Amino acid sequence: MRTILPSEKLHCHNLIGGNWVEGEAGRETVVSPIHGAVIGEVTVPSSAQIEMALQTAAKAQVAWAKSPMKERARVLYNFRNLLLRDIDAISHLKSAECGKTFDEAKAGLMKGVEVLEFALSIQNLDLGGKIEVSRGVTCEYRREPLGVVANITPFNFPAMVPMWTIPIALALGNAYVWKPSDKTPLTARRIADALTEAGLPGGVFTVLHGGARTVEAVIDHPLVKAIGFVGSTKVARLVYQRGTHLGKRVLALGGAKNHIVLLPDANLELTGAGISDSFTGCAGQRCMAASVLLAVGDVESHIQKIIARAASLELGKDMGAIITRAQKEFLVGAIDRAEKAGARILLDGRKAKAPQSYEGGNWLGPTILDQVQPGTEAATVELFGPILSIVRCKDLSEAMRIENSVEYGNACSVFTSSGPLADRVSREANTGMVGINVGVPVPREPFSFGGIQASKFGHGDITGHHSLDFWSNVKKVTTKWETQSDSNWMS
Ligand code: NAD
């Protein structure tokens with residue numbers, strides 16, 4: 001389905017204490033990458049408004065944490081049903097503000113709903129524990145909320161990435177402060193309205209807009225106990241350093257440069273679709289996108305399959321737009337520079353035409369560069385666009401040396417029919433996530449998402465089962481009610 005763009009400018013304020021409050025520190029416009037026109041405007045909160053928002057959140061959290069988890073889960077269950085009721089409208093808005101296709105926007109929201117469904121299971125699965133550790137002495141552990149927690153999200157998944165953390169942090173009894181991307185802030189309004197309609201008490205969920213100033217004020221505030229961040233490595237590092245310097249719990253997921261190892265025995269059909277869809281999906285603007293193809297030996301027929309599938313994509317229908325004009329120009333410049341550095345262009349996205357009536361948007365077709373040299377920009381820098389760099393390797397050892405040499409560590413995939421070779425890649429890859437004949441190896445719940453090295457700062461997981469320990473404290477309570485007649489040193 002083609003995206004329905006907003007017919008009039010949307011206005012979005014800050015959700016403070018359950019009310020939409022106009023920010024006093026300025027206005028920012030939202031431009032759609034699809035046609036290049038303004039589709040919305042957000043207002044940015046002043047320091048005093050941020051202070052008020054966090055104080056209100058802290059008060060609301062106390063009552064929210066006191067309600068039994070089953071009651072909190074009931075609100076989240078209503079939230080799930082409202083998201084599904086409004087899924088098309090939310091997906092059109094997401095698509096309009098971040099440029100992805102309607103189908104991609106909908107799939108992203110469905111992945112968010114999957115996390116929500118996982119959060120609904122916490123009430124039954126995370127039951128705590130209590131045993132008698134000695135005569136008359138019991139030990140119990142209880143999961144307790146942290147208080148006010150914050151999350152800062154990127155432009156490329158305006159609903160999915162926030163939904164990685166919103167349901168889990170709320171189910172555990174925290175108040176949640178969300179700073180959406182300044183490039184894609186409009187979807188936040190729909191998600192917040194659904195939470196309010198679901199019955200979430202005012203103040204438990206807060207939305208604050210803006211850029212670095214808002215983020216820094218939130219991190220620095222003593223009431224904010226934990227910070228989740230997803231975005232570029234540059235900002236992830238800044239957020240991590242700022243928060244941990246203040247002694248706070250921070251998990252900051254950063255950028256990526258993902259490799260796919262292609263071996264000659266790989267299944268042709270799996271390879272063509274898996275690798276092409278990986279680097280063209282979301283127009284390459286996702287941290288799981290294939291970026292470098294490590295082509296081992298004679299894989300010419302596989303590469304022809306990848307080219308054929310990528311070349312068949314229609315812009316605006318099968319592939320979305322690039323987030324900003326400046327980013328599109330950067331990508332075109334990166335292709336020019338790779339060509340000058342000796343790369344052969346197998347598929348040239350610079351020649352692609354914008355969809356009819358969307359000429360003002362930021363469009364770039366799928367691009368495949370061959371003979372890219374290791375160590376060059378196209379082989380090492382996160383470009384964040386629909387560009388696949390092919391690096392030719394004489395054997396698997398050379399491919400793994402190249403894979404291991406980058407600073408990032410998000411994902412690596414291998415396409416092969418050999419179990420032992422797939423196993424070798426899965427062991428030697430320097431990444432947090434590995435795919436075997438899967439181009440976008442995103443773990444599904446309850447498995448956690450996340451990389452290593454410069455793709456993640458901090459310990460633990462932001463999603464999945466292990467994220468419970470990030471969004472809560474585990475308290476251990478040891479109890480004795482009476483003296484034991486046969487007491488020993490443990491009693
Ligand atoms: P970004 O780092 O520019 O922005 C992310 C968030 O940080 C936004 O909310 C933004 O407003 C805020 N921000 C920007 N500058 C800041 C500063 N100086 N101080 C504090 N906050 C600041 O990222 P982006 O361009 O929105 O998103 C794309 C990046 O996100 C890519 O690098 C991509 O790989 C990464 N990403 C990673 C994951 C993951 O799970 N590892 C998932 C999605 C996206």
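Predicted model: local features only at pLDDT ≥ 70, side-chain atom pairs only at ≥ 80, totals over all residues.

User: At what angle do α9 and α10 pack?

Analyst: Helix α9 (residues 268–280) packs on helix α10 (residues 300–311) at about 50 degrees, and their axes are 8 Å apart. This makes α9 oblique to α10. Angles under 35 degrees count as roughly parallel, over 145 as roughly antiparallel, 65 to 115 as roughly perpendicular and the rest as oblique. The axes are lines fitted to C-alpha atoms, for helices over the stretch in contact, with angles from 0 to 180 degrees between N-to-C directions. Helices (H or I, at least four residues) and strands (E, at least two) are DSSP runs, numbered from the N terminus.

User: Which residues of α9 and α10 meet?

Analyst: On the α9 side they include L268, I275 and F279, and on the α10 side they include H302, I306 and R309; contact means heavy atoms within 4.5 Å. The residues of this contact divide into 6 nonpolar, 6 polar and 4 charged. Ala, Val, Leu, Ile, Met, Phe, Trp, Tyr, Cys and Pro count as nonpolar, Asp, Glu, Lys and Arg as charged, and the others, Gly among them, as polar.

User: On to rings. How many aromatic pairs are there in the whole structure?

Analyst: The search finds 6 aromatic pairs. Rings of Phe, Tyr and Trp (its six-membered ring) pair if their centres lie within 6.5 Å; planes under 30 degrees apart count as stacked, over 60 as edge-to-face and the rest as tilted. One of the pairs is F155 with F384, which is edge-to-face, at 5.9 Å centre to centre and 90 degrees between the planes.

User: Where in the chain do F155 and F384 lie?

Analyst: F155 is in the loop between β8 (148–152) and α5 (160–171), and F384 is in the loop between α12 (377–380) and β17 (387–393), 229 residues apart. F155 is buried, with a relative accessible area of 11%; buried means under 20% relative accessible area, exposed over 50%, partly exposed in between (1.4 Å probe, protein chains only).

User: And what about W164 and F449?

Analyst: Their ring centres are 4.6 Å apart and their planes lie at 35 degrees, so the pair is tilted. W164 belongs to helix α5, whereas F449 is in the loop between β19 (433–436) and β20 (456–457), 285 residues apart. Both W164 and F449 are buried.

User: Changing topic: which residues does a cis peptide bond join?

Analyst: The bond joins E445 and P446, with omega of about 10 degrees. P446 is in the loop between β19 and β20.

User: Is C282 buried or exposed, and what is its phi?

Analyst: C282 is buried, at 7% relative accessibility. Its phi is positive, about 55 degrees, although C282 is not a glycine. C282 lies in the loop between α9 and β14 (290–296).

User: Finally, what is L93 in contact with?

Analyst: Leaving aside neighbours within four places in sequence, L93 is in contact with L10, L186, T187 and R190. L93 lies in helix α3 (residues 87–98) and is buried, with a relative accessible area of 11%.

Key: Residues numbered from 1 in each chain as written. Heavy atoms only, no water.
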